[in-house]
Amino acid sequence: MARIDLDHIRHAYKANPVSDDDYALKEVHHSWRDGGAYALLGPSGCGKTTLLNLISGLLHPTKGRILFDGKDVTNLPTEARNIAQVFQFPVVYDTMSVRDNLAFPLRNRGMAEAEVQKRVNEVIELIDLGAVANRRAEGLTADLKQKVSLGRGLVRADVNAILFDEPLTVIDPHMKWQLRSQLKLLHKQFGHTMVYVTHDQTEALTFADTVVVMFEGEIVQIGTPEELFERPSHTFVGYFIGSPGMNVLPVERDGATLMLGHHAIALAGAPAGVKPGAKLELGVRPEYVRLDQSGMPVTINRIEDIGRQKVVRAELEGKPIAIVLSEDEEIPAEPRISFDPKGVNLYADSWRVGTEG
């Protein structure tokens, strides 16, 4: 297990990068604690896999350093970093049995056979491979092969970190929840430093203690699932986390008051540190939009029944807005809304700002 320090890391796939646009991974300067369970979350192309491959040594950063427990490993090859990595698609030896696939990384390091079998049996039980343990991997389904690949990443107890690059892509949907739960249990039992790449917010929020949200080559927020939901530091985080995502509405500033079209919305204090000319936006999650007889009038376009809740798609001052209501909440003929103050966030040029006072 190791603490991972990313010291002003940048990476470009083209030679001689000049501007920020030349970098696939813009500057990353963060420390991830020893034994933490992290998820790298973001859309395709945002830099998640690039960052993971820099940590593992499959890529060398254009700029910056990578440290494990204070030791500079930037120029060390993958095999010298003591990393286990599980890829998006299964990597197994088809001619070996499942048991021998799991044992291979341990035997390769000279572990005593009795200890190899003990550890292999533990992993077989943990990820439920007992029924196929003695079968050759060649005849297994894609999801079973990926379980074997997962097992090979988990079988070593001495690794600095275990890295997962969208490992459940080929897994049957009914099995995904089970495997996420098993990985979470393994983390609690053994305390490995784990980094899990995914574009699926459900996977990220159920697996990780800390979620690292990436967008356009940079980290836009690191936080707990609750922090990402309640206080998104960037409008992208608000949009990407939650279903439906956060409503983002353009506003104008008048001191400690925001003007949303013709409607005034009071803040606890004046926005702090907002540059002149910055684009101001109000962010409020659909769960914090309330039906209110004296509030702002909206026009309802459609209602989506999703079981215990319903999502109301409406327009406010010509802008789309989503409202989440309980299944039994009635919608008046002339609906009006207000915002719960604890759910209101203000953004300047897409970044969350605080208030003075």
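Predicted model: local features only at pLDDT ≥ 70, side-chain atom pairs only at ≥ 80, totals over all residues.
## Helices α4 and α5

Two packed helices are described by the angle between their axes and the distance between the axes. Helix α4 spans residues 142-154, and helix α5 spans residues 173-190. They pack at an angle of about 5°, with their axes 13 Å apart. Angles under 35 degrees count as roughly parallel, and α4 and α5 are therefore roughly parallel to each other.

From α4, the contact uses Asp143, Lys147, Leu150 and Leu154. From α5 come Met175, Leu179, Leu183 and Leu186. By class, the contact residues are six nonpolar, two charged and no polar.

## The largest nonpolar core

The largest nonpolar core holds 47 residues. Val120, Leu154 and Phe164 have the most contacts inside it. Helix α3 (residues 113-126) supplies the largest share of this core, five residues.

What does Val120 touch, not counting residues up to four places away in sequence? Its contacts are Arg99, Leu102, Ala103, Leu106 and Val155. Another core, of 27 residues, lies apart from the largest one. Among its members are Val284, Leu325, Ile337 and Phe339.

Strand β15 covers residues 280-284, and five of its five residues are buried. In a regular strand the side chains alternate between the two faces of the sheet. Both faces of β15 are covered. Leu280, Leu282 and Val284 are buried on one side. Glu281 and Gly283 are buried on the other.

β15 pairs with strand β11 (residues 247-250) in the antiparallel sense, over four bridges. Here Leu249 has Leu282 of β15 as its bridge partner. β15 also runs antiparallel to strand β21 (residues 344-348), joined by five bridges. In that pairing, Glu281 has Tyr347 of β21 as its bridge partner.

Strands of a sheet pair through backbone hydrogen bonds, either parallel or antiparallel. Three strands form an open sheet in the order β17-β18-β19, with antiparallel pairing. The edge strands are β17 (299-305) and β19 (319-326), and each pairs on one side only. Neighbouring strands of this sheet are turned by 20° against each other on average, direction ignored.

Six bridges connect β17 with β18 (residues 309-316), in the antiparallel sense. Thr299 stands opposite Glu315 in β18.

Notes
Residues numbered from 1 in each chain as written. Heavy atoms only, no water. Pairing = 2+ DSSP bridges. Helix = DSSP H or I, 4+ residues; strand = E, 2+ residues; numbered from the N terminus. Axes fitted to C-alpha atoms, helices over the stretch in contact; angles between N-to-C directions. Parallel < 35°, antiparallel > 145°, perpendicular 65-115°, else oblique. Contact = heavy atoms within 4.5 Å. Nonpolar A, V, L, I, M, F, W, Y, C, P; charged D, E, K, R; others polar. Buried < 20%, exposed > 50% of the residue type's maximum accessible area, 1.4 Å probe, protein only. Core = buried A, V, L, I, M, F, W, Y, C linked by side-chain atoms within 4.5 Å.
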